[in-house]
Amino acid sequence: VTTQYIDDNYGNFMNWQQLQDMQLYGGEIGNHSHSHAHLIRHQQTETEEQWQLRITNEIKLAESILKQNIGSPIKAFAYPYGEYSKAIKTILKQRGYFGIGQQSGAVSQHSDLQAIPRFPMATGFDELSAFAMKVRVKDLPVTILSPEDGIVTNNDIIPVLKLRLEEGEYQQASFSCYASLQGAIHLDWQDNNRVVTVRANEMIKSGRTKYNCTAASKTEKDVYYWFSFLWMKTEINGSWYLE
């Protein structure tokens with residue numbers, strides 16, 4: 001829940017009474033910041049320390065308002081716009097939160113608990129055939145070797161993702177990765193085919209772009225293992241993209 005939206009009576013949002021009713025019937029309410037700001041962005045002239053304090057206060061203020069209105073919010077934080085960085089993940093972990101992104105995928109013991117993936121099921125992503133595929137998906141067991149997060153400020157490079165594939169019940173020969181609007185992208189295997197670098201075929205656009213990697217199950221028909229990584233790229237002049 002973005003608490004400012006409720007307090008300011010934004011349209012098409014539940015009010016506190018409705019959220020309390022949901023909770024009575026087993027619904028769980030979590031933190032989505034107070035103002036729904038782009039948390040990864042530093043304000044002009046803002047120091048790193050000032051930025052960390054502002055982001056921490058966004059989380060703490062929403063947490064306080066949630067406790068006042070519903071009593072016991074869960075310790076789960078959904079990143080506004082799905083955007084996060086290494087520093088934000090650290091802030092969440094220090095406050096005892098799980099973090100939930102917008103990169104697609106399933107959850108398992110391999111998942112980063114400050115960057116839990118999820119599949120969209122909203123308009124445009126709600127076909128029954130796609131739903132059936134998504135609920136069968138399993139978490140592709142990989143370790144991210146680099147980068148530390150998906151923020152891209154150098155507009156002259158194609159960002160490279162380096163992964164180590166862990167053992168699992170997937171067909172490594174079927175492992176493929178795709179970039180938004182580009183289809184299948186380049187893979188470079190190393191270390192006896194246990195480490196792979198993933199690179200788009202061409203420059204990614206400013207804004208949010210995903211590298212999605214999949215591999216078919218060894219034993220289950222129409223079941224795929226899935227991993228997604230989110231890039232957030234600034235404009236050519238260094239400014240942040242508009243929504």
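**Exercise 1. Which residues do ring pairs link into a cluster?**

*Solution.* Ring pairs link Phe77, Tyr79, Tyr84 and Tyr97 into a cluster. Rings of Phe, Tyr and Trp (its six-membered ring) pair if their centres lie within 6.5 Å; planes under 30 degrees apart count as stacked, over 60 as edge-to-face and the rest as tilted.

Some ground rules before we go on. This is a predicted model, where local features need pLDDT of at least 70 and side-chain atom pairs count only at pLDDT 80 or more, while totals for chains, interfaces and linings use all residues. Residues are numbered from 1 along each chain as its sequence is written, and side-chain values use heavy atoms, with hydrogens and water left out.

**Exercise 2. Find how many aromatic pairs the whole structure holds, then work through the pair of Phe175 and Trp189.**

*Solution.* 
- Step 1: a search of the whole structure finds twelve aromatic pairs.
- Step 2: the ring centres of Phe175 and Trp189 are 5.4 Å apart with planes at 70°, so this pair is edge-to-face.
- Step 3: Phe175 sits in the loop between strand E6 (160-165) and strand E7 (176-179), and Trp189 in strand E9 (residues 186-190), so the pair ties together parts 14 residues apart in sequence. Helices (H or I, at least four residues) and strands (E, at least two) are DSSP runs, numbered from the N terminus.
- Step 4: Phe175 is buried, with a relative accessible area of 5%, whereas Trp189 is partly exposed at 27%. Buried means under 20% relative accessible area, exposed over 50%, partly exposed in between (1.4 Å probe, protein chains only).

**Exercise 3. Describe the buried and exposed residues of helix H4 (residues 86-94).**

*Solution.* 
- Step 1: the buried residues of H4 are Ile88, Lys89, Ile91 and Leu92.
- Step 2: down the axis of H4, these fall within an arc of 160°, so they line one face of the helix. The arc is that of the directions from the helix axis to the C-beta atoms.
- Step 3: on the other side of H4, Lys93 and Gln94 are exposed.
- Step 4: the cover over the buried residues of H4 includes helix H3 (48-70), strand E1 (76-78) and strand E2 (98-100).

Conventions: Contact means heavy atoms within 4.5 Å.
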